Amino acid sequence: SSLSSCAQQGAGLCNVRLAMQPDASARNVVACDLEANSVKSGEEGHAHSVTRFGATMELVVTQLGTGVLLLPFCFSQADIICSVLVVGIVGAVASSRAALLAECFDIAEAKCSLKSLSFIDVARSALGKCGEIAVSFSMSGTLFSAALAFVILWGQLLASLHPWQGLTLFWSEVAWKAIATIFILATSFMKGMSEMQWVGTVGTLATLFVIAVIISAAITNFDDGVHQVSWAPRSGSALLGSITTFCYSYGATMTLPTIAQDMQDRAKDLKPAVYHSHALSTGLYVLIGVVAYLGFGDDVQKDVLDTLRPGHKALWLCGVGFILLHLVMAAPVFVQVVIGSVEERLPARAWIAVTCRVAIVSAIFLLACAPITIFADFVAIVPATGVTLNCFMWPALIYLGLMRNLHGGFKLAVREAPGKFLFDAIVMVLAISAMVLGTKAGIQHLIVDLREASH
């Protein structure tokens, strides 16, 4: 149940002023007046060595994680054909949203004199100061909550598997969470995503091994024949629930801005990395969903690893071990984004950077150790809601803001590409629906837990 809750869930300020000026074609373009203090644009101390492969792995580790454990059950609820179609459509849309956000960097950079813009610059030029703060808070808050949920799950799983001798279950969880926190703190002092590439690679490989374990167990079950499966959705609510889970499985957009700032050749490599990461994730989602459902049939549980435990104990242990490895590798990537977002607003002082990183990681540890029974379920609601907002809505709004500035108004921007803006509007409406339904389901699950705890 802890895995299921978690599965439903990614240094300076540059002042930019936009001035609209007429050009030879009588259109308005954006002119960026960057003040002298914009030299500290978040580029100091970063090696800018993230390659296309490194970016792909960092994007994949953001979204290819504990969510894979829910997919076989979702396939059983929505039927195989609908699930494959929906996963393919959601994956394509998510990929287009991430590519749209990558394009926003190119649009903003082409109109400004900086060699490389930070995400704050891009968001502020599109949405203004308040809009940029909203975007940054939304993405950072979601990733902070995801990192917190991962630390909680890490402690719960290890304490249940190997409690510390002489300690109660609670203090065993605290001890294991402290170990994870030490690793996260150490990695928080790496220089951006350039030095985090190996973390993303290890985390992605860990998830691939989890998928291999689950598929191996499912194929073993084929010896008894293909199990009975559903070829039609069990109900409308079951289909909607599966669709919202599929939407939550794509979160690469949240770490994309930080990765973009540290890329070796963003213009050349960022979009291919986006497409490769989403294609890999979508293919693996379909593979594990179809094979595991065919192998386990209607016996598949919400957390597919629970299905392995009775008859495949060794594979179950391997799966849990690789999930633990993924958790401890993905959390630092999330935290790195949060740190970058906060430090860009602070003075560039060494002691301030150290204090900021220690404070953020310490907050995660203290909240993870909160002695509240249902705290993990409550925390999981935030990333589950935020992923849809960050990945399917903010990219379109930022793009719209940039186009409005570029063409001198909203109406003129829409006239330039009416079909594209119509598609963006439809995606945002569907994203809002998925976000509302997902939040409602999370709250209902929380209420059930509260009632059970009261009895």
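Mentor: Start with a pair of helices. The axes of helix H4 (residues 80-110) and helix H5 (residues 119-161) come within 13 Å and cross at roughly 145 degrees. Keep in mind that this is a predicted model.

Trainee: Which residues of H4 and H5 meet?

Mentor: On the H4 side they are Leu101, Cys104, Phe105 and Ala108, and these meet Phe119, Val122, Ser125 and Met139 of H5. By type, the contact of H4 with H5 has seven nonpolar residues, one polar and no charged.

Trainee: What about the loop between helix H3 and H4, which residue has its place there?

Mentor: Aspartate 79 sits in that loop, with H3 covering 71-78. Its phi is near 75 degrees, a positive value in a residue other than glycine. Most residues other than glycine have a negative phi.

Trainee: Is aspartate 79 buried or exposed?

Mentor: Aspartate 79 has a relative accessible area of 1%, so it is buried; the cut-off for buried is under 20%.

Trainee: Zooming out, how many helices and strands does the chain have?

Mentor: There are 17 helices and two strands in the chain. Of its 455 residues, 56% are buried.

Trainee: And the accessible surface, what does it come to?

Mentor: About 18700 Å² for the chain, with 67% of that belonging to carbon and sulfur atoms. One nonpolar surface patch, of about 470 Å², is made by Trp164, Leu167, Phe170, Trp171 and Ile179.

Trainee: Where does tryptophan 171 lie?

Mentor: Tryptophan 171 is in helix H6, which runs over residues 169-188.

Trainee: New topic: helix H12. Where is glutamine 336, and what does it touch?

Mentor: Glutamine 336 is in H12, residues 313-343. Leaving aside residues up to four places away in sequence, glutamine 336 touches Thr187, Ser188, Met190, Gly192, Met193 and Met196.

Trainee: Why does glutamine 336 count as buried?

Mentor: Because its relative accessibility is 5%, and buried means under 20%.

Trainee: How many residues apart are glycine 319 and leucine 308?

Mentor: They are eleven residues apart in sequence, and 9.2 Å apart in space from C-alpha to C-alpha.

How values were computed
Residues numbered from 1 in each chain as written. Predicted model: local features only at pLDDT ≥ 70, side-chain atom pairs only at ≥ 80, totals over all residues. Heavy atoms only, no water. Helix = DSSP H or I, 4+ residues; strand = E, 2+ residues; numbered from the N terminus. Buried < 20%, exposed > 50% of the residue type's maximum accessible area, 1.4 Å probe, protein only. Contact = heavy atoms within 4.5 Å. Areas by Shrake-Rupley, 256 points an atom, 1.4 Å probe, with all protein chains shown as cover. Patch = residues over 30% accessible without salt bridge, like charges linked within 9 Å, V, L, I, M, F, W, Y side chains within 5 Å. Salt bridge = Lys/Arg side-chain N within 4 Å of Asp/Glu carboxyl O. Axes fitted to C-alpha atoms, helices over the stretch in contact; angles between N-to-C directions. Nonpolar A, V, L, I, M, F, W, Y, C, P; charged D, E, K, R; others polar.
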